[in-house]
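Trainee: I would like a close look at one part of this model. Please pick a helix, go through it closely, and then set it in its surroundings.

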There are 2 protein chains.
Amino acid sequence: MKKITLYDTTLRDGAQTEGVSYSLHDKIMIAQRLDDFGIDFIEGGWPFSNPKDQELFAHFKKHSLKKAKLVPFGSTAHPSRPASRDKNLQSLIDAGTEYVIIFGKTWDLHVKDVLKIGLEQNVRIIYESVKFLVKKGKRVFYDAEHFFDGYKANPGYALKTVKAALDAGAELLVLCDTNGGTLPWEVREVCEQLKLSSGISRFGIHCHNDLGLAAANSLMCVGSGCVHIQGTMNGYGERCGNTDLVTVIGVLQQKMGWQAVRPKKLETLTAVSHFVSEISNMAHRDNHPFVGRSAFAHKGGVHIDAVLKKPAAYEHVEPSTVGNKRRFLVSELAGKSTLVNKAKELEFDLDKKSPKAKKMHTLIQELEREGYQFETAEASFKLLMQKSFKKFRKFFDLLGFRVIVEKREDNRLLSEATVKLRIKKELELTVAEGDGPVNALDNALRKALLKFYPSLEEAHLTDFKVRVLNAKAGTAAKVRVLIESQDAEESWVTIGVSENIIEASWAALVDSIEYKLMKDSGK
Amino acid sequence: MKKITLYDTTLRDGAQTEGVSYSLHDKIMIAQRLDDFGIDFIEGGWPFSNPKDQELFAHFKKHSLKKAKLVPFGSTAHPSRPASRDKNLQSLIDAGTEYVIIFGKTWDLHVKDVLKIGLEQNVRIIYESVKFLVKKGKRVFYDAEHFFDGYKANPGYALKTVKAALDAGAELLVLCDTNGGTLPWEVREVCEQLKLSSGISRFGIHCHNDLGLAAANSLMCVGSGCVHIQGTMNGYGERCGNTDLVTVIGVLQQKMGWQAVRPKKLETLTAVSHFVSEISNMAHRDNHPFVGRSAFAHKGGVHIDAVLKKPAAYEHVEPSTVGNKRRFLVSELAGKSTLVNKAKELEFDLDKKSPKAKKMHTLIQELEREGYQFETAEASFKLLMQKSFKKFRKFFDLLGFRVIVEKREDNRLLSEATVKLRIKKELELTVAEGDGPVNALDNALRKALLKFYPSLEEAHLTDFKVRVLNAKAGTAAKVRVLIESQDAEESWVTIGVSENIIEASWAALVDSIEYKLMKDSGK
């Protein structure tokens, strides 16, 4: 298998995602996981612009990674200083790594309107910055910022800038589509021209996803000179994000015959993707190629029947090769065979003709008539199966709850919940406040349970959806609440249905907690 | 501008998304919005496999769309029946539309292992099914299911199947990448070969996103024969979804010089994308190309500085051309013209340079930061304008409310709400029970108000939606409640935002009632 190198910038470009903010500890955990997974280069941060990133490099000086190379990011020297006295370049040296990466301006528009310096001066700065780092013993990657836009606007100048970097000793040129506005065939054409006009036949690529084409653009030039792909886990990044390495790894290895990570490690792709989403505190995308929970989920009856006969009928790849699972969505369109297959998937042996299968089928139909929908709420479905197969263990009994939401004339709002539980024969009466009634209930429930089941600390709620079923009934309508929870290993969805939104939320909350406890008790 | 036709299958393939379930009313609203937006063809559903879809076609027989063609979906005839007695084909005729679409098998694996019939028989079925529909006066599109996989496996046979459809009178052949496992250069190569070997130089394309490449694949063959792109709004669909028409429209029109919708309509791209996500009850993706909240959001200081000097420095396109906004994540600086235009639309004369416009603009920005979104909740926006223009009349003052939801050991559930209002100088303290806390509040509020404002009897709530804004906070997350109400004349949507679902519902309820009362008082 031909090998291509991967360069991950989750810790630098990924940290620019709206809503993402990594602590030093988060960054260390992500770097270690990516190292273990087999990523070749990990961009750790921009030590000059973000002093917190210096601590990361200091940490890995002492506790080095197993195999991956950690790389600090920076820019060419400031126009007002010689490279040898540039603090930004110095910070790269101080990081103490074998490799460093710097970006420079390729697009004349940027040189003129943003840097506001002469075109020749920019070329000189690039040359001197790279040269300085090489002299200091560093192996240098050079990010040609806005390479494609620059090449379109002024190809001669763009080439001049990248040649300056290579002449100064940069080990690899990385072509960046910084604004993410380039089309796949343009990427390929520019790469071909680069080879013809300047002999540069070996380069890396760094794309942004503003047209939803970053993965395609990155893959278009593999095999015609691209030996190094930059991107982030799950495609995190500013605006519309960067090239999604998770997707790119799947495609390279499963469809194109290139090796990105060791084949055995590919089976952890789904887990790695979840791990990073968890640390990043971002909900994992259900329809994420290869790794999403819906990626191999079949809903249409025609599809389910065909996949049962022949998985390749509606699956482009075997889900287990990327650590994912085939799922048949239990929906009203489906009959008893779906139920039996679903049971099998969850490792319950249900004979289609047995009275138990008939009973379960009737139960599910009734629940669906009431508004339950198990295609999403698989965790609740699993609990239902466990209960029916007498494999469920009761962790607590609910004796009652009360929620009060009150707004007084002083405009202050109070949400208070009381729960009464029996846990391991002890009676617990707990009260908690919260930001709203469901949060108050969640708080009271956890407060009561945590001392008995400390592993609940690891799990938290990541999404909360409410769907009105019979909308015409207005506020008296039945509502379906779906709660998504996750821990470091997986995410799961539970459901509650009631005319009362509090009761529906309560049911979904209890299922979420019971699922976590069952899982941890090894069932 | 060269024109390319768009075929939307949100209502059929999009409805297969895990977690999506459209009511008839939802489908009608989406179809109307897509019609208005300028989508050429709208696949309404599969009437044979889903009887609920028949109602949709019945509805549009009476209330036809303005310009878009509604298309029913079905399959070739069942092997056991002649086309003339096939109920599935008959259901397409019964839909009463000008166009119909059917899919047939192209991949020999499917013919042998799924249909389990002879290869020649399949070709005959395709021919006869299309022929039958054409004879009945229908214009027929033919979806060649698994075209790319079929062509790779057995090109001769694949061509035979599609030629049968064309010979029988199909107006357009649509190449489907049903499993979503095809690479962009493969798509282009197969299209070129198709032209060379069989003279088919005009076709449509239908891709799935299992490799994250559906948009790229769809765009690769535009200009070399593809005249029709199928996809869904926001890329909804089974597994990893379908080609995202929102992204494709942006790229075609902004980067490739093709016209997908009228240029003026392109400015509503963001609004249409949000509208469909709202009806689908799916969270809108922040990093969605062109239309996501973060699509033009700049976080890095270097980027913000440069964009202030020259937007093109880090923006591939001007955000307003697709109805989106530039955002600086440190300080929001969005444009005032939208507000002025919206005000004009509601017959308020707001001078862009006036202090009032500035004040309103600041207020709306603040509310949007808190999670309000007035795109959907126009009634709440109108109330805001009325208040600002001192055209609002206060019908009542809220002095306080209390909601209690209680579940006791007897398992009975109680929801009770108390409201304290001042109405026309009278103090009203009212209590009511309800099916859930919001219904109890609604009941208490109406009970108090009805004797003063009897016209409230005409209005009722028709929909109630809850969206979690910062999902990561779990049950402590901020929620946005949208309430749709209607009377005999119109329907209107109001909004409330709070960490407390009861308070958010209360705000939307109060707005709904105030809107009705303002309307009836002739303002």
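Mentor: A helix here is a DSSP run of H or I, at least four residues long, and helices are numbered from the N terminus. The model is predicted. I start with helix 8 of chain B, residues 184–198. It has 15 residues. From first C-alpha to last it reaches 21 Å, close to the 21 Å expected at 1.5 Å a residue. Which of its residues are buried? Pro184(B), Trp185(B) and Val187(B) are on the list. Val190(B), Cys191(B), Leu194(B) and Ser198(B) complete it. Just after the helix comes Gly199(B), with a positive phi of about 75 degrees.

Now the sheet of that chain. In chain B, eight strands form a closed barrel in the order 2-3-4-5-6-7-8-9, with parallel pairing. Direction ignored, neighbouring strands are turned by 25 degrees against each other on average. Strand 2 (residues 5–8) and strand 9 (residues 226–231) of chain B run parallel and are joined by four bridges. Opposite Thr5(B) stands His228(B), in strand 9 of chain B. Strands of a sheet pair through backbone hydrogen bonds, either parallel or antiparallel.

Chain A has its own barrel. Eight strands close in the order 2-3-4-5-6-7-8-9, and the pairing is parallel. From one strand to the next the twist averages 25 degrees. Strand 2 (residues 5–8) and strand 9 (residues 226–231) of chain A are parallel and share four bridges. Asp8(A) faces Gly231(A) of strand 9 of chain A across this pairing.

Step back to the whole of chain A. It holds 18 helices and 18 strands. Its C-alpha atoms fill a box of roughly 80 × 60 × 45 Å along the principal axes. Of its 523 residues, 63% count as buried. Take the contacts in chain A between residues at least 6 apart in sequence: 65% of them join residues at least 24 apart. The domain assignment gives domain 1 (2–261) and domain 2 (297–370). The C-alpha centres of these two domains of chain A lie 45 Å apart.

Helix 16 of chain A spans residues 378–388, and eight of its 11 residues are buried, so it is largely enclosed by the rest of the structure. Glu378(A), Ala379(A), Ser380(A) and Phe381(A) are among the buried ones. Leu383(A), Leu384(A), Met385(A) and Gln386(A) are also buried. What do these residues pack against? The partners in chain A are strand 12 (327–328), helix 14 (336–345), helix 15 (355–370), strand 18 (491–498) and helix 18 (501–520). Just past helix 16 of chain A, Lys390(A) takes a positive phi of about 55 degrees.

Next, the charges. Side chains of opposite charge can pair when their charged atoms come close. The structure holds 65 salt bridges over all chains. In one of them Lys394(A) meets Asp397(A), 3.8 Å from N to O. Lys394(A) is exposed at 53% relative accessibility, while Asp397(A) is partly exposed at 28%. Lys451(A) bridges to Glu428(A), with the closest N and O atoms 3.3 Å apart. This pair links distant parts of the chain, 23 residues apart. Lys451(A) sits in the loop between helix 17 (437–449) and strand 16 (460–468) of chain A, whereas Glu428(A) is in strand 15 (residues 426–433) of chain A. Lys451(A) counts as exposed at 59% relative accessibility. Glu428(A), at 12%, falls under the 20% cut-off and is therefore buried.

In chain B, the side chains of Glu406(B) and Arg408(B) form a salt bridge of 2.7 Å, N to O. Glu406(B) is buried, with a relative accessible area of 12%. Salt bridges with shared partners also build one network from Arg293(A), Arg327(A), Lys342(A), Glu345(A), Glu378(A) and Glu18(B). One of those members, Glu378(A), is also a buried residue of helix 16 of chain A.

Methods. Residues numbered from 1 in each chain as written. Chains lettered and ligands numbered in written order. Predicted model: local features only at pLDDT ≥ 70, side-chain atom pairs only at ≥ 80, totals over all residues. Heavy atoms only, no water. Helix = DSSP H or I, 4+ residues; strand = E, 2+ residues; numbered from the N terminus. Expected span 1.5 Å × (residues − 1). Buried < 20%, exposed > 50% of the residue type's maximum accessible area, 1.4 Å probe, protein only. Salt bridge = Lys/Arg side-chain N within 4 Å of Asp/Glu carboxyl O. Domains from an automatic or database assignment. Pairing = 2+ DSSP bridges. Axes fitted to C-alpha atoms, helices over the stretch in contact; angles between N-to-C directions. Contact = heavy atoms within 4.5 Å.
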